[in-house]
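Here is a short note for a colleague who is meeting this structure for the first time. Please read the points below with the sequence and the model side by side.

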Amino acid sequence: MHETRVNHLNMIQGTINRLASQASSMKGFAFTAVGLITAIASQAKAPNLYLLAMAVAVLFMLLDATYLTLEKRYRDLFNEVRKGEIETPPDFNMTPPKTHTWFWYGLQSWSVWPAYISVILVLVIIWRYPFP
């Protein structure tokens with residue numbers, strides 16, 4: 001295998017690692033933001049702020065799904081480069097193939113929908129049936 005192919009694979013792997021790290025950090029930030037808005041809504045007795053918390057959860061869910069879809073597309077690029085012809089030096093292309101459309105792939109992932117849907121369901125319950 002050409003040394004340049006290994007360098008190309010390392011570049012792609014670095015991108016995959018950054019996307020995975022960002023998605024993980026974003027999930028923590030999303031739950032912190034939703035918790036903060038929920039605490040303010042509870043303290044201020046403003047049930048409409050729960051709607052804002054739901055909107056924030058939905059937006060972060062879509063963003064998380066987009067990151068996961070991009071990560072999968074870069075993994076597909078990694079496999080294409082890995083399976084490429086041994087004799088041909090790589091072109092260092094960093095454009096992932098469009099194997100998965102936008103965020104639909106990511107929304108189906110077990111790491112996205114259970115976490116966010118459960119938070120949204122809890123927020124709906126609290127909004128509809130507020131504590132005294």
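Predicted model: local features only at pLDDT ≥ 70, side-chain atom pairs only at ≥ 80, totals over all residues.

Are H1 and H2 roughly parallel or roughly antiparallel to each other?

1. The axes of helix H1, which covers residues 3–44, and helix H2, which covers residues 48–82, come within 9 Å and cross at roughly 170 degrees. Because angles over 145 degrees count as roughly antiparallel, H1 and H2 are roughly antiparallel to each other. Sorted by class, the residues in the contact of H1 with H2 are 28 nonpolar, six polar and six charged.

2. Helix H2 also packs against helix H4, residues 113–128, at an angle of about 170 degrees and with the two axes 9 Å apart, which makes H2 roughly antiparallel to H4. On the H2 side the contact includes Asn48, Tyr50, Leu51, Met54, Phe60, Met61 and Asp64, while among the residues that H4 contributes are Tyr116, Ile117, Ile120, Leu123 and Trp127. The contact of H2 with H4 divides into 15 nonpolar residues, one polar and one charged.

3. For the remaining pairing described here, the axes of H1 and H4 come within 12 Å and cross at roughly 5 degrees, so that H1 is roughly parallel to H4. The residues that make this contact are Lys27, Ala30, Phe31, Val34 and Thr38 of H1, together with Ala115, Tyr116, Val119 and Leu123 of H4. By class, the contact of H1 with H4 has seven nonpolar residues, one polar and one charged.

4. A search of the whole structure for salt bridges finds three. Since Lys27 lies in helix H1 and Asp64 in helix H2, the pair ties together parts that are 37 residues apart in sequence. The reader may note that Lys27 also takes part in the contact of H1 with H4, and that Asp64 belongs to the contact of H2 with H4.

5. A last point concerns the surface, where Trp113, Ile117 and Leu121 form a nonpolar patch whose accessible area together is about 290 Å². Leu121 is found in helix H4, and Ile117 is also listed among the H4 residues that contact H2.

Methods: Residues numbered from 1 in each chain as written. Heavy atoms only, no water. Axes fitted to C-alpha atoms, helices over the stretch in contact; angles between N-to-C directions. Helix = DSSP H or I, 4+ residues; strand = E, 2+ residues; numbered from the N terminus. Parallel < 35°, antiparallel > 145°, perpendicular 65-115°, else oblique. Nonpolar A, V, L, I, M, F, W, Y, C, P; charged D, E, K, R; others polar. Contact = heavy atoms within 4.5 Å. Patch = residues over 30% accessible without salt bridge, like charges linked within 9 Å, V, L, I, M, F, W, Y side chains within 5 Å. Areas by Shrake-Rupley, 256 points an atom, 1.4 Å probe, with all protein chains shown as cover. Salt bridge = Lys/Arg side-chain N within 4 Å of Asp/Glu carboxyl O.
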